[in-house]
Amino acid sequence: MDIIQKYTAGLFREATLEFYGVKAAKIKVYANVELPSVEVRMQKTDFIFELEDDTYQHFEFESTYKKENLARFADYDVQIYKKYGKKIRTVVIYASSAKEAEKVLDIGSLTYAPDVVMMYDYDGDAIYKGLEAKLKSVQELTDADMLNLIFLPLMRSAVPKLELAEKSVELAQTIEDETKRDACIASTVAFMDKYLNDDEMNKILGVLKMTKVAEMLVADAVKEERIEMAKEMLLDGEPLDKIMKYTKLTEEEIDEIKK
């Protein structure tokens, strides 16, 4: 997720969602916000970015509409405000399976009105054909094109959701600009994690073979295994040189784990 967040923050820093009717300042940095709740568990929002105007942009992705959603998102935003004391603007993006949704929560003294984007309103098949034609003719993708490619599997389509997700990743792999290609692939996978189940995500990761993003994900997983091995060896009292030999970690990395 660290890798995916880095790419996503980089991509969205240069783009805005005005194409989808959302107006806000440009993104400055990804904000990793975790909110301890009264039930003594961690509430994790989907994506939160700090904007250039010193406010926060909160994204929530939902595959279906539930009446209690707005109350939950409002709760997140109140907690973020209590913790950071800055204004928050929320964008709720509903997948095409949700054809309509309430856009305002009015509980009397508090009115909560996030931006709501209904992906059902966007023709995924037509947008896919347009992006495919553009990439085949080696035209450069605009910010709006890249966002459309990322959100493509959420849009209305005659193609099943998983197949459209696979096609969007395959299409992203044809982008000539390496930076844009990696950013598109990583961001697409980041959002897929919100609406695909584990088996479907495994199929998508299979499509990612031989890409830079996949290599980084594998490298990250390998390092996590080495860190866990180092923890076990430290607990067993193994000497530093032996831990370095078997985990391939540096002395500085092992010292950090020890702390």
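**Chat about a predicted model**

Modeller: The chain has a mean pLDDT of 80, and 79% of its residues reach 70 or more; pLDDT is the predictor's confidence in each residue, from 0 to 100. Residues are numbered from 1 along each chain as its sequence is written, and side-chain values use heavy atoms, leaving out hydrogens and water. This is a predicted model, where local features need pLDDT of at least 70 and side-chain atom pairs count only at pLDDT 80 or more, while totals for chains, interfaces and linings use all residues.

Colleague: Over which residues does pLDDT stay under 50?

Modeller: Over residues 37-44, for which the model has 16 contacts beyond four places in sequence. Contact means heavy atoms within 4.5 Å. Where pLDDT is low, the predicted coordinates should not be read in detail.

Colleague: Helix α7 next. Which of its residues are buried?

Modeller: Glu200, Met201, Ile204 and Val207 are buried in α7, which spans residues 198-207. Buried means under 20% relative accessible area, exposed over 50%, and partly exposed in between (1.4 Å probe, protein chains only). Helices (H or I, at least four residues) and strands (E, at least two) are DSSP runs, numbered from the N terminus.

Colleague: Why do they line one face of the helix?

Modeller: Seen down the axis of α7, the buried residues fall within an arc of 105°, so they line one face. The arc is that of the directions from the helix axis to the C-beta atoms. On the other side of α7, Asp198 and Asp199 are exposed.

Colleague: What do the buried residues of α7 pack against?

Modeller: They pack against α5 and α6 (178-192). Glutamate 166 lies in α5, residues 161-172, and touches Lys203, Ile204 and Val207, not counting residues up to four places away in sequence.

Colleague: Is glutamate 166 buried or partly exposed?

Modeller: Partly exposed, because its relative accessibility is 23%.

Colleague: And aspartate 115, buried or exposed?

Modeller: Aspartate 115 counts as buried, because its relative accessibility is 14%. Aspartate 115 is in strand β9, residues 115-118. Leaving aside neighbours within four places in sequence, aspartate 115 is in contact with Val22, Arg89, Thr90, Val91 and Val92.

Colleague: How many residues has the largest nonpolar core?

Modeller: It has 45, and Ile93 and Phe151 have the most contacts inside it. Apart from it lies another core, of 11 residues, among them Phe73, Tyr76, Tyr112 and Val116. A nonpolar core is a set of buried Ala, Val, Leu, Ile, Met, Phe, Trp, Tyr and Cys residues joined through side-chain atoms within 4.5 Å.
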